[in-house]
Amino acid sequence: MTKREEYEKRTEELLLPIIEEKQFELVDVEYLKEGSNWYLRAYIDKEGGITVDDCELVSRTLSDILDKEDFISDAYILEVSSPGLGRPLKKEKDFQRSLGKEVEIHLYKPLNKQKEYRGILHAYDKDNGATRF
């Protein structure tokens, strides 16, 4: 497991009780470097949409826990936000929620000389990552 994966997993474990208590949904956690800065980002959501106050509440609570746990060796910037309109499809629940809806798929390697696809998601195979438009 890479350092990035370890930090994301541990942060998710610490964040889940906070999220569940508030009846929010944890969409994703990512730890990445942009320019010279490291970012620890948590994306949260709830029915009807997440507010700035919701993000602030989760951010303050998580920040206190991260300060106590102190398992991230780099200096980083903590951000808690909504996944936005371009919400990524990463987990099974994301694909399930998007069935019957228009989605945009970006591939790492071209398929039929194309890397971007747009269409209605009719099905997905959680074991193979295959989708059907």
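Two strands count as paired if DSSP finds at least two bridges between them. That rule matters for Y39, whose bridge partner in β3 is I77. The model described here is predicted.

**Helix α1**

- Helix α1 takes in residues 3–21.
- Its 19 residues should span 27 Å at 1.5 Å a residue.
- Seen from the side chains, the buried residues of α1 are Y7, E8, T11, L14, L15, I18 and I19.
- An α-helix has 3.6 residues a turn, so residues three or four places apart point the same way.
- The cover over the buried residues of α1 includes β1, β2 and α2.
- Q23 follows α1 and has a positive phi, near 60°.

**Strands and their pairing**

- β1 covers residues 25–34, and β2 covers residues 37–45.
- The two strands run antiparallel and are joined by nine bridges.
- Together β1 and β2 make a hairpin, with two residues between them. In the turn, G35 has a positive phi of about 65°.
- L32 stands opposite Y39 of β2.
- Strand β3 is made of residues 76–81. It pairs with β2 in the parallel sense, over six bridges.
- From β2 the chain crosses through α2 to β3, and this β-α-β crossover is right-handed.
- Y39 has a partner in β3 too: I77.
- β2 is mostly covered, with seven of its nine residues buried.

**D45, in strand β2**

- D45 is found in strand β2.
- Is D45 buried or exposed? D45 has a relative accessible area of 16%. The cut-off for buried is under 20%, so D45 counts as buried.
- Setting aside residues up to four places away in sequence, D45 touches F24, E25, V27, I50, P83 and R87.

- I50 sits in the loop between β2 and α2.
- Its relative accessibility is 15%, so I50 counts as buried.
- Which residues does I50 contact, apart from its neighbours within four places in sequence? They are F24, I44, D45, C55 and S82.
- I50 and S73 are 23 residues apart along the chain, and their C-alpha atoms are separated by 30 Å.

**E69, in helix α2**

- Helix α2 is made of residues 52–69, and E69 belongs to it.
- E69 is partly exposed, because its relative accessibility is 39%.
- Leaving aside neighbours within four places in sequence, E69 is in contact with R10 and L14. L14 is one of the buried residues of α1.
- How does the side chain of E69 meet that of R10, and what is the length of the polar contact? A polar contact of 2.8 Å joins the two side chains.
- E69 and R10 are 59 residues apart along the chain. Their C-alpha atoms are separated by 9.9 Å.

Conventions
Residues numbered from 1 in each chain as written. Predicted model: local features only at pLDDT ≥ 70, side-chain atom pairs only at ≥ 80, totals over all residues. Heavy atoms only, no water. Helix = DSSP H or I, 4+ residues; strand = E, 2+ residues; numbered from the N terminus. Buried < 20%, exposed > 50% of the residue type's maximum accessible area, 1.4 Å probe, protein only. Contact = heavy atoms within 4.5 Å. Polar contact = N/O pair within 3.5 Å; in protein donor to acceptor, adjacent residues only side chain to side chain. Expected span 1.5 Å × (residues − 1). Right-handed = clockwise from strand over helix to strand, strands pointing away.
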